Amino acid sequence: MSDIPAKRALPSKESALFKELLTLYETRQLKKGLKTADQILKKFPEHGETTCMKGLVLAHMGRREEGVDLVRKGVRFDLTSHICWHVYGLIHKGEKNYEEALKCYKQALKYDKENLNILRDAAQLETQLRIYDGLVETRHTLLRIRPAMRQHWVALAVAYHLNGNLTEAKKVLEHYESTLKNIPDYDVEHSETMLYHVRLLEDLGEFTEALAMLDVNAKDRVIVDKTSIMEIRARLLAKLGSDEAEHAWRVLVEHNPDCYQYYEGYISNLGLSLDVSDASAPKTLTILEEFATQLPKATAPRRLALTLASGDHFTELVTPYMLSGLKKGIPSLFSDMKGLYTDESKQQIIEKVADDARNQFSAEPSSSTSKDAEPTSYLWTLYFIAQHHSYLGRHAKAIEILDLALSHTPTLPELHMFKGRVLKRAGDLFGGARCLEDARSLDGQDRFLNTKSAKYRLRAGMVDEASALFGLFTKKDAPSPGADLEEMQSLLYLVEAADAYNRNGNLGLALKKYMAIKKVFDEIEDDQYDFHGYSLRKFTVNIYLNLLSWEDRLRSHPAYIKAALSASAIFVALHDNPSLGTGATSGELTSAQKKAKQKAKKAAEKLKEDAKKATHQTNTNDDKGLEPPAKDDDPDGSKLLQCTDPLERAAKLLNPLATLAESKIEVWIATYDVAVRRKKYLQASKALMRAVAIDAEHPELHIRRIEFRQTVSALPETPQVSGSLLTESLNKLLPEEVSAEAFNSQYLQRHSTSAPAILAVAKVMLKLQTPREQVDDTVFTVFGTEVPLDIKSSLSILSFLRSSKSPREDEFRTRCGEKFELSTVFKSAEELEKLRQVALAPPQFDAVSSDKTEDVMP
Amino acid sequence: MSTRGVYSFASLTPNNIGTVRKLNSVLFPIKYSEKFYQDILLPEVEDFCKLVYYNDVPVGTVCCRLENKNGEASLYLMTMGILAPYRSRELGSASLKLISDAAAAHAKPKIDRIYLHVQVSNADAKRFYERHGFTEVGVHVGYYKKIAPHDAWILEKRFSSQAPE
């Protein structure tokens with residue numbers, strides 16, 4: 001170090017104390033560290049480095065706020081100390097402010113260019129933030145300072161690779177390998193490094209070199225991962241178009257006969273396809289049948305053959321497949337067969353096979369010595385047939401079959417579960433919840449049944465009752481079952497609960513749960529941080545690179561998409577109508593909500609007490625780490641509802657979806673909704689154009705074409721910058737010579753048999769101030785025989801009639817109730833309340849009424 | 001002999017008692033009280049109260065209680081039944097054998113006899129137990145209060161001090 005400022009230098013006694021302080025921190029002896037720091041500060045109260053260290057120690061001891069304040073003070077005392085900046089960086093890292101942390105680390109590096117610790121941390125931060133060019137430089141420096149550490153070489157190669165410079169990466173690896181001496185046998189780290197080198201060559205397109213390297217190292221037993229060798233070998237040979245590829249793929253299939261990817265590899269290597277519509281299908285089918293004969297225990301080739309076969313051949317193959325499954329009693333047989341139902345002829349063949357099986361299994365034995373079928377075969381066949389009918393929308397028929405099965409064997413949980421599912425599909429949510437409870441009562445220790453039953457309660461809107469069920473399996477000392485499930489990152493629970501609150505109109509709690517989903521994904525993104533160090537230490541580079549690209553696509557997960565879309569819809573609604581956010585549920589809280597509020601109050605008070613206790617417990621040596629403790633300061637979501645920047649928050653949520661879910665039209669619709677309200681008209685028009693490219697006739701898009709024109713023409717002046725572009729895209733969306741009314745009725749003519757389209761037209765009509773009667777008349781055309789109407793669309797239409805205060809709302813509701821006979825979602829509020837009570841009653845063990853209560857004689 | 005699936009037995013727990021209730025509701029014309037369901041979970045009768053599974057599906061139940069009267073220890077068979085489609089597959093016999101063997105091996109106290117009631121209209125059931133070594137030792141007139149006929153045979157099997165049947 002060059003000139004140390006006067007304030008930093010300490011006389012020998014304090015200097016020794018400071019060194020001791022650093023050691024005490026490293027060994028986490030926090031109490032002693034605190035004392036030592038105070039000793040130094042007594043004499044030198046403005047010593048930046050000690051102040052920072054003291055702050056760091058305090059943060060670790062749980063006195064976080066104090067600690068962070070001190071660190072800031074310390075940095076100000078000594079702006080050119082690498083220690084101060086390093087400590088500040090650590091604090092930011094603890095709070096997951098990676099960008100801020102990196103800035104601090106860069107500052108620290110200014111004053112200590114070759115500090116290994118700081119460099120290493122900086123490299124990890126750069127990887128986390130995907131700043132790959134910075135990463136290359138940092139790794140270069142690390143390698144220059146310590147070329148003897150093998151890790152540094154591989155890390156530099158990886159940095160080049162991530163930055164897109166595969167050639168440099170290759171050079172680094174080659175140089176590195178030339179320096180290696182005395183590699184122990186079967187060294188996994190070296191094996192993994194070589195596998196990485198092979199992958200690098202493959203990524204560079206140098207397949208022959210990659211193959212050579214793989215073969216040499218496999219032969220010399222340098223690479224020890226046999227499966228990887230086989231897989232990479234087959235892949236490379238296929239890419240080289242070599243004759244040996246077929247054999248290599250065959251070896252893989254024999255190695256694991258149930259791995260679908262190996263069959264795909266084998267087939268595509270031969271230039272064939274697993275697509276049934278492809279001309280080569282018969283050839284592929286022959287190959288699969290050969291495999292099936294050769295590998296009799298494998299299901300994969302037999303199942304794949306079903307996809308490719310058709311007509312009589314299909315019948316020949318599917319009959320033994322299904323019979324074997326039904327006799328074995330495989331509950332998931334239908335799920336397996338479901339994939340074939342895109343082909344209607346196969347649907348019918350399967351139905352026939354199942355019906356024949358049912359007759360076969362229920363036939364009376366011809367004599368007492370004949371082999372009669374197992375009653376369980378009959379049972380599972382009925383189960384299959386019920387699933388078949390429900391899948392094809394024949395819910396009443398499915399119930400009929402299920403009731404038959406239930407009278408045969410009422411103790412099979414699957415029957416009750418599926419009956420519940422059929423009722424749910426048919427619109428009877430309370431009936432579904434009731435059946436699921438019946439299923440659950442049969443086996444109280446089955447968590448799957450528990451979760452399903454609770455989920456069905458959530459779907460029926462019974463949030464508290466669902467929570468009671470979840471609570472049977474969650475941690476007893478958690479603040480609530482929901483809190484435990486949230487901590488366990490149960491996306492299933494969070495999505496269902498959020499949707500339930502949303503449907504109930506409880507926007508605050510819905511928003512809170514959607515945000516919780518966002519948080520889960522943020523956590524999963526943060527989780528990769530430790531691997532930047534770990535994977536390089538262990539040389540497991542290939543899987544590490546896969547992790548990084550997986551993380552890059554993380555938010556393409558359906559749960560995130562759902563949460564982002566639903567939450568941004570709520571934010572948009574809040575923007576349009578802020579009164580929704582202020583005690584909007586008609587002012588009065590339901591008893592459940594009151595209870596929730598009280599609970600939340602108690603929890604908040606407990607938290608305060610805990611915090612107070614914590615500050616009193618500061619004299620322990622417990623290392624609380626550098627992460628700020630989680631606290632919930634918005635128990636009923638009201639803060640979220642009243643936030644001042646709903647549109648910005650929505651935009652942030654939708655942002656990743658523009659790349660990760662760009663083929664979903666809903667994403668562009670949502671993006672438009674937010675952009676147009678933020679007055680970003682060019683962005684809005686671009687979003688609509690993306691939507692057009694996906695599905696130009698989509699009903700939601702139709703509504704917004706007209707809305708957009710109305711919005712733009714109502715602007716006081718055309719925006720100067722994008723004015724002409726805007727006019728151009730507007731014209732593409734809705735040609736200026738066409739009136740909105742004409743456009744709307746033309747759309748209706750094109751889609752008069754689509755319920756969602758009719759709803760869209762009605763919404764537009766209302767906006768264009770068409771007379772109410774006409775609007776309602778249009779809506780009621782959905783009952784026409786040509787219009788396939790489903791429950792989902794009916795509920796949307798009902799909601800529209802309700803919110804627009806149509807006089808024909810009840811009429812519509814009643815007609816839907818008649819059309820969907822099994823449903824209950826269209827019943828009136830009083831009827832629903834009665835059904836809810838029935839759903840919550842303890843399981844009825846029918847057959848005998850209570851006046852027949854006998855008991856066993858004492 | 002017809003093809004036979006696999007059968008097994010399971011002890012009763014608060015988690016599977018719901019299945020027992022379900023079986024009882026379809027097998028027997030009697031509604032059993034809450035006390036019945038509490039008593040069959042007691043540890044001392046674990047060997048004598050079982051669920052019967054066939055090909056992994058619960059299809060039957062057998063429940064007994066221990067009695068000590070007049071210096072004699074008896075095992076009283078309260079319920080035993082198999083769902084209709086699963087009968088004639090020797091599940092009933094296997095269940096009876098299970099509890100008989102357990103009774104014979106029971107030490108504290110040593111069980112002298114097993115007995116049960118059969119409604120006088122149920123000749124099939126009587127024949128079944130007689131095939132397994134039970135004999136009629138009397139009729140309990142008016143045993144059933146709420147279902148008709150009200151009388152029940154008392155069937156009993158005594159254990160010798162030797163090995164089980």
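**View 1. The loop residue A:K679.** A:K679 sits in the loop between α37 and α38 of chain A; helices (H or I, at least four residues) and strands (E, at least two) are DSSP runs, numbered from the N terminus. This is a predicted model, in which local features need pLDDT of at least 70 and side-chain atom pairs count only at pLDDT 80 or more, while totals for chains, interfaces and linings use all residues. Residues are numbered from 1 along each chain as its sequence is written, chains are lettered from A and ligands numbered from 1 in the order in which they are written, and side-chain values use heavy atoms, with hydrogens and water left out. Although A:K679 is not a glycine, its phi is positive, at about 65°. With a relative accessible area of 59%, A:K679 is exposed; buried means under 20% relative accessible area, exposed over 50%, and partly exposed in between (1.4 Å probe, protein chains only).

**View 2. Helix α38 of chain A.** Helix α38 covers residues 681-694 of chain A, and its end C-alpha atoms are 20 Å apart, which agrees with the 20 Å that its 14 residues should span at 1.5 Å a residue. The expected span is 1.5 Å times one less than the number of residues. A:Y681, A:A684, A:S685, A:A687, A:L688 and A:A691 are the buried residues of α38(A). Seen down the axis of α38(A), these buried residues fall within an arc of 155°, so they line one face of the helix; the arc is that of the directions from the helix axis to the C-beta atoms. On the other side of α38(A), A:K686 and A:A693 are exposed. The buried residues pack against α37 (665-677), α39 (699-713) and α40 (723-733) of chain A, where contact means heavy atoms within 4.5 Å.

**View 3. Residue A:L725 in helix α40.** Helix α40 of chain A holds A:L725. A:L725 has a relative accessible area of 47% and is partly exposed. From C-alpha to C-alpha, A:L725 and A:G271 are 47 Å apart in space, and they are 454 residues apart in sequence.

**View 4. Helix α4 of chain A.** Residues 64-77 of chain A form helix α4, which has 14 residues and reaches 20 Å from its first C-alpha to its last, close to the 20 Å expected at 1.5 Å a residue. Its buried residues are A:R64, A:G67, A:V68, A:L70, A:V71, A:G74 and A:V75. They fall within an arc of 160° seen down the axis of α4(A), so they line one face of the helix. A:E65 and A:R76, on the other side of α4(A), are exposed. The cover of the buried residues of α4(A) includes α3 (48-60) and α5 (82-94) of chain A.

View 5. Rings of Phe, Tyr and Trp (its six-membered ring) pair if their centres lie within 6.5 Å; planes under 30 degrees apart count as stacked, over 60 as edge-to-face and the rest as tilted. By this rule there are 28 aromatic pairs over all chains. One of them joins A:F531 and A:Y534 edge-to-face, at 6.1 Å centre to centre and 90° between the planes. A:F531 and A:Y534 are three residues apart in helix α30 (residues 529-538) of chain A, and so are separated by about one helical turn. A:F531 is partly exposed at 36% relative accessibility, and A:Y534 is partly exposed at 37%. In chain B, B:F128 and B:Y129 form an edge-to-face pair, with 5.1 Å centre to centre and 85° between the planes. Both B:F128 and B:Y129 are buried. A:F334, A:Y341, A:F384 and A:Y391 form one aromatic cluster.

View 6. Chain B has four helices and seven strands. In the loop between β2 (50-54) and β3 (57-69) lies B:D56. B:D56 is not a glycine, yet has a positive phi of about 70°; its relative accessible area of 70% makes B:D56 exposed. The loop between α3 (91-105) and β5 (113-119) holds B:P109, which is joined to B:K108 by a cis peptide bond with omega of about -5°. B:P149 is in the loop between β6 (135-140) and β7 (152-158). A cis peptide bond, with omega of about -5°, joins B:P149 to B:A148.
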